[in-house]
Amino acid sequence: MADKVTDKQLIDRVKKGEKAAYDLLVIKYQQRIVNLVSRFVRNQSDALDVTQEAFIKAYRALPNFRGDSAFYTWLYRIAVNTAKNHLAVQSRRPLGNDYDISEIEQIDGADALKEQATPESLLLRDELQSTVLKAIEDLPEDLKTAIMLREIEGLSYEEIASVMECPIGTVRSRIFRAREAIESEMKPLLEN
Amino acid sequence: MNESNKEQLSAFIDGEHDGDHMLDKLIHDVSMKETWSRYHLIGDCLRDNLPEKISNQVSTNVSKALRDEPTILAPKNTKQFNFKPFAGFAIAASVAMVAVFSIKSDNDQNSPSIGAPSLAATTVSQPQAFDFPEPQVLPAAVKKSDTPESLANQRLNNYLMNHSEYRSNGGVNGILPYARVVTIEIQE
């Protein structure tokens with residue numbers, strides 16, 4: 001529900017012509033969509049290309065998005081269809097008929113393929129996850145509970161305030177402080 | 001970016017902060033955008049939504065690709081008036097009208113001798129309830145269907161029935177295709 005409110009505000013801005021607002025939606029959902037597409041497309045660089053294509057398709061179709069469903073649900077469908085189309089095209093391509101180098105230059109997202117060639121630029125999920133979980137463990141109990149209720153249970157601030165028996169302002173502050181503490185632990189990893 | 005801005009951003013991500021002013025800052029401030037990215041990464045990490053390898057290539061490439069795309073300007077939603085609920089009512093009203101007029105005209109034709117008081121002769125002093133005229137009982141000796149008037153009525157009825165039948169098949173829009181023409185004939 002909370003996601004829906006923020007997404008709607010961003011979508012309204014995109015529909016008014018602010019492309020930069022769409023960047024925020026891409027940043028927000030890119031990991032989730034790559035993760036989803038990877039279940040269909042095993043090859044990592046293909047999964048990134050398919051995700052990219054899905055986001056571009058979604059941007060083009062955004063004027064038709066009425067907001068009846070959540071943006072993520074709509075994007076999810078586009079991503080799954082794009083992944084399935086990719087697999088269908090791949091299956092029609094005769095075996096051994098690989099792309100030659102001139103063809104690669106013309107493929108959308110060729111830049112992404114080139115950037116993929118440097119695996120050290122990629123952060124491994126396990127590394128990030130263990131850092132974040134360690135940071136959560138180190139949090140004071142009230143901050144830990146607040147961030148877990150928000151991120152994992154998806155409760156609103158009002159609901160968290162009711163569970164934790166404290167004012168909404170306190171919930172807001174606890175969630176922010178938890179995020180700050182976790183961010184400071186993960187920042188060095190991301191910068192490297 | 002100061003603490004207060006970051007706290008507002010944190011609340012905005014959770015849909016708990018009024019967005020317009022925050023959005024303006026978020027769209028144009030690079031460091032805020034990076035914080036937005038990291039806060040969402042924390043959420044994805046806790047919900048186990050992360051892919052095997054994490055990178056920002058998708059957002060960078062999509063942003064580049066969209067630079068050449070035409071800007072989206074969605075037309076404003078204009079709410080169209082919903083006629084559906086009224087369509088049923090309109091049809092029902094029309095059918096009722098047809099039924100009432102056909103009964104009334106039939107009564108008028110069948111009771112020509114009922115002496116309706118002339119308007120000039122009656123002085124209306126108070127509102128009067130409308131009474132349907134009593135149907136006149138014809139003498140048994142006179143067969144109604146034999147009179148020229150009833151023969152003419154019968155022909156007219158047949159004509160109307162045929163007309164309504166063909167009209168409903170003619171693909172003409174209007175209320176008549178949905179209405180049945182009803183006639184009443186007094187049984188001898």
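In what order do the elements of chain A run from the N terminus on? Here are some friendly notes on that and a few other points.

1. Please keep in mind that this is a predicted model. As for the opening question, the elements of chain A run α-α-α-α-α-α-β-α-α-α-α from the N terminus on. That makes 10 helices and 1 strand in the chain.

2. A word on how chain A is packed. It has 192 residues, and 34% of them count as buried. Among its contacts with a separation of 6 or more, 65% are between residues 24 or more positions apart.

3. Next, the nonpolar core. The largest one holds 57 residues, and the members that touch the most others are A:Val26, A:Ile33, A:Val37, A:Phe55, A:Leu75, A:Ala79 and A:Ala146. Helix H2 of chain A (residues 19-38) supplies the largest share of this core, with 10 residues.

4. Helix H10 of chain A deserves a look of its own. This helix covers residues 168-191, which is 24 residues, and spans 34 Å from its first C-alpha to its last, close to the 34 Å expected at 1.5 Å a residue. There is also a kink of about 35° at A:Glu185, shortly before the proline A:Pro188.

5. Which residues of H10(A) are buried? They are A:Val171, A:Arg172, A:Arg174, A:Ile175, A:Phe176, A:Ala178, A:Arg179, A:Ile182 and A:Met186. Within chain A, the buried residues of H10(A) pack against helices H7 (125-137), H8 (141-151) and H9 (157-164). In chain B, they pack against helices H1 (3-13) and H3 (30-46).

6. That brings us to the contact between the chains, which takes 59 residues from chain A and 45 residues from chain B. On the chain B side, the elements giving two or more residues are H1, helix H2 (19-28), H3, strand S1 (53-54) and helix H4 (57-67). H3(B) gives the most, with 11 residues. By class, the side of chain B that touches chain A has 22 nonpolar, 13 polar and 10 charged residues.

7. Finally, a strand pairing across the two chains. Strand S1 of chain A (residues 123-124) is joined to S1(B) by 2 bridges, and the two strands run antiparallel. To find the pairing in your viewer, look for A:Leu123, whose bridge partner in S1(B) is B:Ile54.

Note on methods. Residues numbered from 1 in each chain as written. Chains lettered and ligands numbered in written order. Predicted model: local features only at pLDDT ≥ 70, side-chain atom pairs only at ≥ 80, totals over all residues. Helix = DSSP H or I, 4+ residues; strand = E, 2+ residues; numbered from the N terminus. Expected span 1.5 Å × (residues − 1). Bend = angle between axes of the 7 residues up to and from the residue. Buried ≥ 20, exposed ≤ 12 C-beta atoms within 10 Å, placed from the backbone. Contact = placed C-beta atoms within 7 Å. Nonpolar A, V, L, I, M, F, W, Y, C, P; charged D, E, K, R; others polar. Pairing = 2+ DSSP bridges. Core = buried A, V, L, I, M, F, W, Y, C linked by C-beta atoms within 7 Å.
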